[in-house]
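Subject: Structure handover

Hello,

Here is the structure we talked about, with notes on what was found in it. Please read the notes with the model open.

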Amino acid sequence: GQIGHTVDVMGINSYYGWYGTMDSRFNIYDERNGEMRIADISELFPTIDKVLSETPADMPILFTEFGGDSIPGFICNECALWSENYHAQVVEKYIAAMREHPQVAGGFVFAFTF
């Protein structure tokens, strides 16, 4: 069965744009194409679509945890992984994605502060 029909609220923990890039640590360039790194959360959209297809249309969905982490005070114009800039970019993109889906009622940023 689908759990979406047995609960009142659906929660999603999601870290797209973060854990898939951790192997390159402080590298600010994408080694595959030599371009500057930007947060990529494109894998989030199929996840949202799947959850929406398996839950009633009136059920609120929350991102109960999303984002990544950063080293406090590490600011880098190039958006290096672990920088506050990259962390902020991931969070901004998630919020924009949530706003595109009216059924998403809100979210909780992981590691927003220490």
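Phe63 and Phe66 are both buried (under 20% relative accessible area; exposed is over 50% and partly exposed is in between, with a 1.4 Å probe and protein chains only). This is a predicted model, in which local features need pLDDT of at least 70 and side-chain atom pairs count only at pLDDT 80 or more, while totals for chains, interfaces and linings use all residues. Residues are numbered from 1 along each chain as its sequence is written, and side-chain values use heavy atoms, with hydrogens and water left out.

Aromatic residues

There are four aromatic pairs in the structure (rings of Phe, Tyr and Trp, the last by its six-membered ring, with centres within 6.5 Å; planes under 30 degrees apart are stacked, over 60 edge-to-face, the rest tilted). One of them is Phe63 with Phe66, edge-to-face at 6.4 Å centre to centre and 80° between the planes. The ring centres of Phe63 and Tyr94 are 6.0 Å apart and their planes stand at 75°, so this pair is edge-to-face too. Phe63 belongs to strand S2 (residues 61-66) and Tyr94 to helix H2 (residues 84-99), so the pair ties together parts 31 residues apart in sequence. Helices (H or I, at least four residues) and strands (E, at least two) are DSSP runs, numbered from the N terminus. The relative accessible area is 1% for Phe63 and 0% for Tyr94. Phe63, Phe66 and Tyr94 make up one aromatic cluster.

The sheet

Three strands form an open sheet in the order S1-S2-S3, with parallel pairing (strands pair if DSSP finds at least two bridges between them). S1 and S3 (104-109) are at the edges with a single partner strand each, so one side of each has no neighbour in the sheet. S1 and S2 are joined by five bridges, and Ile12 stands opposite Phe63 in S2.

Tyr16

Tyr16 sits in the loop between strand S1 (10-14) and helix H1 (44-53). Tyr16 is partly exposed because its relative accessibility is 24%. Beyond its neighbours within four places in sequence, Tyr16 has contacts (heavy atoms within 4.5 Å) that include Asp40, Val90 and Tyr94. The side chains of Tyr16 and Thr47 are joined by a polar contact of 2.8 Å (a pair of N or O atoms within 3.5 Å; within protein, one must be able to donate a hydrogen and the other to accept it, and residues adjacent in sequence count only if both atoms are side-chain atoms).

Regards
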